[in-house]
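Please consult the sequence and the model below before reading on.

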Amino acid sequence: MCGIVGYIGEKQAWPIILKGLERLEYRGYDSAGVALHNNENILVYKKSGKVENLKKLVDEENRTNHNLGIGHTRWATHGAPSDVNSHPHASQSGNIVLVHNGIIENYAALKQALEARGYVFKSETDTEVISNLIESIKKENISTVEAVRLALTQVTGAYGLAIISQDEPDQLIVARKGSPIVIGIGEKEFFVASDAAPIIEHTKQVIYLDDGDVAILQRNGVYTVTSMANEIKHPEVKSLELDITAIEKGDFDHFMLKEIFEQPRAITDSIRGRINLAAADVILGGISQYEEKFLKAKRIILVACGTSWHAALTGEYFVEELARIPAEVEYASEFRYRNPVINENDIVIAISQSGETADTLAAIEIAKEKGATVLGICNVIGSSIARQADAGIYTHAGQEIGVASTKAFTTQLSVLLLLAVRLGKLNKQLDDKRSNDLLKSLMSVPDLMEKVLAEKSNIFELAKTFITAKDVFYLGRGFAFPTALEGALKLKEISYIHAEAYPAAEMKHGPIALIDEGMPVIFIATEGKSFDKVISNMEEMKARGARIIAIASEGTKSLLESVSETIIEIPKIDEILVPFLAAIPLQLLSYQVAVLRGCDVDKPRNLAKSVTVE
């Protein structure tokens, strides 16, 4: 959720940390702060609101000559957004200062024990407990590093931590459990961050911490990684594949719009090298050694949250249609707590853009405990899901910074369709002709997406009619229903208009009571086996005064004009692949409605990009 940046070396820390915080603002943006060590004292600056507010505060003081520092962008959990609740948090004496991502579940008990020992707390956060706990242990005349380890053995919950001590200006300590930390290795300097975005412009050599790791970074260029038991570890140094242009907006007004327009390239990258038309088959090297397990699988369980859950639901349709294997979709946040029935013949597919979603990681842990095989589908190389799953498939969407996910959704669809085709071929449910037709259609998707994107101006014009809307319904049937859910989520996320999605036929069973004069209702009304039924559903909505907007296949306009106020045409394609094309106008519509309503498109209120807490 939140963003962490840290630096130790010979350069000025503040400019590096500031740029890093700006890179990470999409992870949390209700407050920001920085702690800078000048070899004598630690100076702490923090401010509620955007990073720009912090920048003004520090610039006014004109702080220089700091070669060690830590910074943070916050997404509030404990305590409202405010200056005092912003990170960094210092211990009572000011000797220990730290930033924290995650949630300390037993903070109340720890706080009570510390208060009994005379500690006074300034903030409402769980984080301040950690700084005081470390300080209280350090008073026993032990090193800061050992105090950190001992303190963390008492902590229950998730954390990514960057810690500095006033009396140790040549050392930066980082620790991780359940919240990602990446360390960039430079020439006698280290960069710390919660993801790679702030590091890529300084170095491509990185190490990723595993849960339970504590790293000690020294100004002389020496680093040590240990376990909580103080056992030396030797993490592999990896090379970042991220391109700096991927984390910049270029000529676009917002990252979200840029990422919508990147989808043709992202789809191309997600399927490149994975289709063998000559064999009418798919090559998925990441799962090749588990194909026998798929053949023996009694069912496939897909777990995810948010947009990834909508992709998972589409994946269920893909798998059952093409491979004839029973599939179930679970919200990871529910799956982890409801004692699910899982056995060793089940395959659990965990889907996450970031690869760090806390609920999905917990679902993986449960599935593995019960003996299931776990496949991960994610976008971020080296992420926790990529490391913890038995096997996996990367989506290759490229960096996604806009909080409202776009290209992650369609690339997840790509991978899920490829997987369904491969499984259909493996268990002989899919013949060569059908397989080849689907794969050729998938290969045509990037070009067809470009055609839909070319209709941007028409969709933006439609957006003007939504500015004052209070409620919007999204309806679809079959493969289009999960995309309707995703369309409604996009509108809610960034424009703050209430929106709901249903299978079109379900409206009669209750929700139709909400339809009143002029309410916008968006149908995904593309050609397919339910096309005539969808037209009937449109008639039902129109009869009750709804404004009907149809996402329709080219060539069907004449069939829909009598029931639709507006028709947005998308190219004809196999109905299984309609979600790829129908998603584009829904994304563009939500984007422009949010812009016209004056919303912060890339950083919508109350949301953050990577949900690494419950």
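Helices (H or I, at least four residues) and strands (E, at least two) are DSSP runs, numbered from the N terminus. The model is a predicted one, in which local features need pLDDT of at least 70 and side-chain atom pairs count only at pLDDT 80 or more, while totals for chains, interfaces and linings use all residues. Residues are numbered from 1 along each chain as its sequence is written, and side-chain values use heavy atoms, with hydrogens and water left out.

- The buried residues of α7 are Q263, P264, A266, I267, D269, S270 and I271.
- These buried residues pack against α6 (255-261), β16 (275-276), α13 (407-426), α14 (432-453) and α19 (578-596), where contact means heavy atoms within 4.5 Å.
- After α7 comes G273, which has a positive phi, near 80°.

- β1 and strand β4 (residues 68-74) run antiparallel and are joined by six bridges; two strands pair if DSSP finds at least two bridges between them.
- Within β4, H72 is the bridge partner of I4.
- β1 also pairs in the antiparallel sense with strand β10 (residues 190-193), over four bridges, and V192 in β10 is the bridge partner of G6.

**The seven-stranded sheet**

- Seven strands form an open sheet in the order β5-β6-β7-β8-β12-β13-β14, with antiparallel pairing.
- At the edges are β5 (89-90) and β14 (232-233), each of which pairs on one side only.
- Strand β6 (residues 96-101) pairs with strand β7 (residues 159-165) in the antiparallel sense over six bridges, and G160 in β7 is the bridge partner of N101.
- Helix α4 packs on this sheet, touching β5, β6, β7 and β8 (168-177), and its direction makes about 140° with that of β6; axes are lines fitted to C-alpha atoms, for helices over the stretch in contact, and angles run from 0 to 180 degrees between N-to-C directions.
- Helix α5 lies across β6, β7, β8, β12 (213-218) and β13 (223-226), and runs at about 20° to β8.

**Helix pair α4 and α5**

- Helix α4 (residues 127-138) packs with helix α5 (residues 144-153) at an angle of about 120°, their axes being 8 Å apart.
- The two helices α4 and α5 are therefore oblique to each other; angles under 35 degrees count as roughly parallel, over 145 as roughly antiparallel, 65 to 115 as roughly perpendicular and the rest as oblique.
- L133, I134, I137 and K138 of α4 make the contact with T144, A147, V148, L150 and A151 of α5.

**Helix pair α9 and α16**

- Helix α9 (residues 306-322) and helix α16 (residues 481-495) pack with their axes 8 Å apart, at an angle of about 170°, which makes α9 roughly antiparallel to α16.
- On α9, the residues G306, T307, W309, H310, L313, T314 and Y317 meet F481, P482, L485, E486, L489 and K490 of α16.

Key:
Buried means under 20% relative accessible area, exposed over 50%, partly exposed in between (1.4 Å probe, protein chains only).
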